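Hello,

Here is the structure I promised to pass on to you. Have a look at it first, and then read on for what turned up.

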Amino acid sequence: MSKNNDSFMVSIKDHKTVQHTASKTLLETIELHQIEIQYHCREGYCGACRSKLICGKVEYTTDPLAFIDDDEILPCCCIPISNIEIKLG
C-alpha cells in the first residue's frame, strides 16, 4: 500500500465528483459525501459494494476475497491512487 498523502478526485457516474483523502477507504469517502452505496462487510469478503471502475487506478488496503471482474473494484477495501471515475453497483 502506498503512503501517498495526495488527494484525488472521484467522479461517481450519475452522482457527482468528490474529493478523496488518503486516510479513508473509497467507501468511507462515498459515505462522507452522503451518496447511497450498498455494502455489508467493509473488508472485501461479501462483494456487496462491487462497482465498475471506468478509468483511473486503485490500490487495495487488504486483498479482496469476493469475486470481481477485471473492470470492477470493491470500494470497502480500496483507495484511489489517481483520479478515478466509477459507477456504483
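With 89 residues, the chain would have a radius of gyration near 12 Å if it were a compact globule, and its value of 11 Å agrees with that. Please keep in mind that this is a predicted model. The C-alpha trace spans about 30 × 30 × 20 Å along its principal axes, and 34% of the residues count as buried.

As for the fold, the chain has 1 helix and 7 strands, arranged along the sequence as β-β-α-β-β-β-β-β. Among contacts with a separation of 6 or more, 47% join residues 24 or more positions apart.

Now to the charges. There are 9 positive and 13 negative side chains, and the centres of the two sets lie 4 Å apart. Side chains of opposite charge can pair when their charged atoms come close. The structure holds 3 salt bridges:

- Arg 42 meets Glu 31 at 2.7 Å, N to O. Arg 42 sits in the loop between α1 and β3, and Glu 31 in helix α1, 11 residues apart.
- Arg 50 pairs with Glu 72, with the closest N and O atoms 3.6 Å apart. This pair links the loop between α1 and β3 to strand β5, 22 residues apart.
- Asp 71 pairs with Lys 52 at 3.9 Å between the closest N and O atoms. Asp 71 lies in the loop between β4 and β5 and Lys 52 in strand β3, so the pair ties together parts 19 residues apart in sequence.

Asp 71 is partly exposed, at 34% relative accessible area, and Lys 52 is partly exposed at 41%.

Best wishes

Definitions and conventions:
Residues numbered from 1 in each chain as written. Predicted model: local features only at pLDDT ≥ 70, side-chain atom pairs only at ≥ 80, totals over all residues. Heavy atoms only, no water. Helix = DSSP H or I, 4+ residues; strand = E, 2+ residues; numbered from the N terminus. Rg over C-alpha atoms; globule rule 2.2 N^0.38 Å. Buried < 20%, exposed > 50% of the residue type's maximum accessible area, 1.4 Å probe, protein only. Contact = heavy atoms within 4.5 Å. Lys, Arg positive; Asp, Glu negative; His and termini not counted. Charge placed at Lys NZ, Arg CZ, Asp CG, Glu CD. Salt bridge = Lys/Arg side-chain N within 4 Å of Asp/Glu carboxyl O.
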